[in-house]
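Work through the exercises below with the model open beside the text. Try each task before reading its solution.

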Amino acid sequence: MKKQLLALGLLTAFSIPSIASAADYVIDTKGAHASINLKIKHLGYSWIKGRFNTFDGTFSYDPMNISASKVNVNVDTTSFDTNHAERDKHVRSEDFLDVKKYSTATFTSNKVEPKGNGEMTISGDLTLHGQTKPIAIDAVFVGEGEDPWGGYRAGFTGTTRIELKDFGIQVMGESSYADLELHVEGIRQ
């Protein structure tokens, strides 16, 4: 009798759909609830902060199975902006980003590793300046819930460091890297 009850319990458990499941989200760039920011040393004396104003993307997130999550982002590199027109023109030139030739950067995740307490590492491939290299993003789940407009949202922050030479981008002065700071809020579809 105990074996029959156990078998019935297992059958029931596997036949009832999970209450929580993966949900697909579109990153809310139209509402300016997401940003891709960077920080880079200027000649070893100070920091310059900038951002990419135009990008889009999607992610899939399941709080019960974080490792099944996925992220895809497309960045318009011509939208690079440090609030200084001459510098931005130079960074967009063939000396650095060469946006006439490489107008899009992409990130596609291939692994999400939960670390506990809402922290995770998102690994994937970044294509920038015509080069595709693996990167890891240290991410933190911010929260999720219903929004005032009848939708449902989830948000994350993340940071990563990229070595410019890995992507064939000229190093200027002492700055061999750029730190990226990511803020992502998505609307569930």
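**Exercise 1: charges over rings**

Task: find what lies over the face of Trp47.

Solution. Lys39 lies over the face of Trp47, at 4.4 Å from the ring centre. The criterion is that NZ of Lys or CZ of Arg is within 6 Å of the ring centre and within 35 degrees of the ring normal. Next take Tyr177: the charged end of Arg161 sits over this ring, 3.7 Å from its centre.

A note on the source: this is a predicted model, where local features need pLDDT of at least 70 and side-chain atom pairs count only at pLDDT 80 or more, while totals for chains, interfaces and linings use all residues. Residues are numbered from 1 along each chain as its sequence is written, and side-chain values use heavy atoms, with hydrogens and water left out.

**Exercise 2: the overall layout**

Task: state how many helices and strands the protein has, and their order.

Solution. Start with the count: two helices and eleven strands. Helices (H or I, at least four residues) and strands (E, at least two) are DSSP runs, numbered from the N terminus. The order from the N terminus is α-β-β-β-β-β-β-α-β-β-β-β-β. Now burial: 36% of the 189 residues count as buried. Buried means under 20% relative accessible area, exposed over 50%, and partly exposed in between (1.4 Å probe, protein chains only).

**Exercise 3: strand β1**

Task: decide which side chains of β1 are buried, then find the partners of the strand.

Solution. In a regular strand the side chains alternate between the two faces of the sheet. Apply this to β1, residues 23-27. Ala23, Tyr25 and Ile27 point to one face and are buried.

Strands pair if DSSP finds at least two bridges between them. β1 pairs with β4 (residues 55-61) in the antiparallel sense over four bridges. Here Tyr25 has Phe59 as its bridge partner. β1 also pairs with β11 (residues 177-188), again antiparallel, over three bridges. There, Val26 is bridged to Ile187.

**Exercise 4: the rings around Tyr61**

Task: classify the aromatic pairs that Tyr61 forms with Phe141 and with Phe156.

Solution. A search of the whole structure finds six aromatic pairs. Rings of Phe, Tyr and Trp (its six-membered ring) pair if their centres lie within 6.5 Å; planes under 30 degrees apart count as stacked, over 60 as edge-to-face and the rest as tilted.

Step one: Tyr61 and Phe141 are 5.3 Å apart, centre to centre, with 15° between the planes, and the pair is stacked. Tyr61 lies in β4 and Phe141 in β9 (residues 131-146), so the pair ties together parts 80 residues apart in sequence. Tyr61 is buried at 5% relative accessible area, whereas Phe141 is partly exposed at 22%.

Step two: Tyr61 and Phe156 are edge-to-face, at 5.0 Å centre to centre and 75° between the planes. Phe156 lies in β10 (residues 152-163), so this pair ties together parts 95 residues apart in sequence. Phe156 is buried, at 11%.

Step three: ring pairs link Tyr25, Phe59, Tyr61, Phe141 and Phe156 into a cluster.

**Exercise 5: positive phi**

Task: is Asn117 buried or exposed?

Solution. Asn117 has a positive phi of about 55° although it is not a glycine. Its place is the loop between β7 and β8 (119-128). At 79% relative accessibility, Asn117 is exposed. Asp98 also has a positive phi, near 50°. Asp98 is in the loop between α2 (85-92) and β7 (104-116).
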